[in-house]
Amino acid sequence: MTDVASERRYLGRDDVNSVESILADDEIDFGDAVHTTAARGDAIFTWDYDRTREGLGKLYEKAKTSQWNGATDLDWDTPVDPEKVALEMAPAAAMVQQRMADVPGSPVKSWGPKEWSEFQVEALNWRMSQFLHGEQGALICTAKIVETTPWIDAKYYAASQVVDEARHVEVFSRYLDTKLDGHYPVNPALQLLIDDIIGDPRWDMTYMGMQIMVEGLALAAFGFMHSVTEEPLLKKLLRYVMADEARHVAFGVLSLQEYYAGLDAKELRERQEFTFEAALRMRDRLMMHSVWEKVGVDRRTVTEFLLGMRTMANNPFQAALFSKIVPNCKKLGLLDAGDGWLRDRFTEIGVIQFEDATDTGEEYESLDEVAKDRAAAS
Ligand SMILES: [Fe+2]
Ligand SMILES: [Fe+2]
């Protein structure tokens with residue numbers, strides 16, 4: 001184990017699929033008002049102000065013209081019925097619900113529409129709360145990237161992303177406060193992953209963890225919610241946030257592509273292992289324990305049950321998550337670096353078929369909803 005790995009609280013533990021450790025994470029105190037975690041890595045000043053990275057320069061220009069105002073570009077007077085919004089997610093979840101009910105000993109076997117509806121309302125509050133906390137993680141990670149990246153073009157771009165992430169925290173917080181009726185604390189698996197990313201002194205790991213992994217997951221989750229909701233305020237909010245997020249993933253891909261081309265086999269293998277483990281943990285450990293308990297299912301039962309489902313073939317959550325992560329890993333050269341270790345792992349868990357799915361690195365142009373709306377308005 002390297003020094004970095006031994007300092008991690010989360011990644012590098014050999015408990016990836018352990019029910020006991022998932023339950024133990026629930027006991028971690030992340031504070032009522034504040035949570036502090038050690039940030040590591042040198043703040044780098046560069047005296048090379050030449051703008052040599054064309055791709056990053058183009059992205060920075062795009063970021064400047066595609067800014068939007070969370071207070072005025074969204075219609076906050078829109079009335080919202082939280083139950084209606086929650087139930088919009090239900091048809092898409094019906095297949096999962098059926099599969100859950102079919103498993104022998106399933107805790108949801110006897111659930112009818114009333115129980116599922118109660119669950120969906122709480123699940124919406126939980127999801128939006130995790131979006132909010134994840135956005136704050138992105139805000140802090142991007143501020144760290146401004147300090148730690150050695151390239152002036154990347155500092156410029158990352159600074160624009162800090163503004164984007166502040167806006168995302170602002171709009172999710174406002175939606176939760178004024179349109180929904182319940183907040184949840186951060187999921188421990190999400191916060192532990194973010195803490196490890198912030199604690200890693202290697203500047204590229206902040207990119208890898210946040211821009212590629214967490215933002216890949218966020219894009220998949222926002223995309224799902226955007227495709228099912230008819231609530232106009234939430235739909236526009238997500239459409240605009242996704243336009244920003246696509247640029248953020250592109251920033252990660254462009255920067256890491258260049259940096260990884262210069263790393264040796266051992267360094268690349270460390271990145272491959274980090275990626276695979278972080279992805280598996282997001283797949284297996286993001287559970288809504290407090291939601292399940294609220295609707296009468298204890299956390300041990302649901303943890304054992306969900307862990308079994310997550311590793312089943314054709315798990316839709318796994319498909320959504322990896323459909324963004326696998327193509328980006330391919331583009332970074334991580335899939336086949338060395339002896340193709342990462343390709344073998346993705347093949348084993350049945351997600352290698354996503355390697356040529358839409359590449360988020362190029363998606364940002366087509367996802368610029370802010371520019372489209374402005375063109376339509378003029
Ligand atoms: Fe964001
Ligand atoms: Fe982002």
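Leaving out neighbours within four places in sequence, Val295 touches Glu115, Glu118, Phe119 and Glu122. Keep in mind that this is a predicted model. Let's work through some exercises.

**Exercise 1. Find where Val295 sits, and decide whether Val295 is buried, partly exposed or exposed.**

Step 1: Look for the stretch that holds Val295. Val295 is in the loop between helix H12 (289-294) and helix H13 (299-310).

Step 2: Count the neighbours. Val295 has 19 C-beta neighbours inside 10 Å.

Step 3: Apply the cut-off. A residue needs 20 or more to be buried, and 12 or fewer to be exposed. Val295 therefore counts as partly exposed.

Step 4: Val295 and Asp244 are 51 residues apart along the chain, and their C-alpha atoms are separated by 35 Å.

**Exercise 2. Describe how H6 packs against H8 and against H9.**

Step 1: Know what to look for. Two packed helices are described by the angle between their axes and the distance between the axes.

Step 2: Start with H8. Helix H6 (residues 113-148) and helix H8 (residues 188-199) have axes 11 Å apart, at an angle of about 0°. H6 and H8 are therefore roughly parallel to each other.

Step 3: See who makes that contact. H6 brings Gln130, His133, Gly134, Gly137, Ile140, Cys141 and Lys144, while H8 brings Leu190, Ile194, Ile197 and Ile198. Sorted by class, that's six nonpolar, four polar and one charged.

Step 4: Move on to H9. The angle between H6 and H9 is about 150°, and their axes are 10 Å apart. That makes H6 roughly antiparallel to H9. Their crossing is left-handed.

Step 5: List the meeting residues. Gly134, Gly137, Ala138, Cys141, Lys144, Ile145 and Thr148 of H6 face Trp203, Thr206, Tyr207, Met210, Val214, Glu215 and Ala218 of H9. This contact has eight nonpolar, four polar and two charged residues.

**Exercise 3. Work out how H9 and H14 are oriented, and which residues join them.**

Step 1: Read the geometry. Helix H9 (residues 203-228) and helix H14 (residues 316-332) pack with axes 8 Å apart, at about 135°.

Step 2: Name the arrangement. H9 and H14 are therefore oblique to each other, and their crossing is right-handed.

Step 3: Name the residues. From H9 come Ile212, Met213, Gly216, Leu217, Leu219, Ala220 and Phe224, and from H14 come Ala320, Leu321, Ser323, Lys324, Ile325 and Asn328. They split into nine nonpolar, three polar and one charged.

**Exercise 4. Zoom out: how many helices and strands are there, and how does the radius of gyration compare with that of a compact globule?**

Step 1: Count the elements. The protein has 17 helices and zero strands.

Step 2: Compare the radius. A compact globule of 378 residues would be near 21 Å, and the protein has 20 Å, which agrees.

Step 3: The C-alpha atoms fill a box of roughly 65 × 55 × 40 Å along the principal axes, and 39% of the residues count as buried.

Technical notes:
Residues are numbered from 1 along each chain as its sequence is written. Chains are lettered from A and ligands numbered from 1 in the order in which they are written. This is a predicted model: local features need pLDDT of at least 70, side-chain atom pairs count only at pLDDT 80 or more; totals for chains, interfaces and linings use all residues. Helices (H or I, at least four residues) and strands (E, at least two) are DSSP runs, numbered from the N terminus. The radius of gyration is taken over C-alpha atoms; the globule rule is 2.2 Å times the number of residues to the power 0.38. Axes are lines fitted to C-alpha atoms, for helices over the stretch in contact, and angles run from 0 to 180 degrees between N-to-C directions. Angles under 35 degrees count as roughly parallel, over 145 as roughly antiparallel, 65 to 115 as roughly perpendicular and the rest as oblique. Two residues are in contact if their C-beta atoms, placed from the backbone, lie within 7 Å. Ala, Val, Leu, Ile, Met, Phe, Trp, Tyr, Cys and Pro count as nonpolar, Asp, Glu, Lys and Arg as charged, and the others, Gly among them, as polar. A crossing is left-handed if the near helix is turned anticlockwise from the far one by less than a right angle, and right-handed if clockwise.
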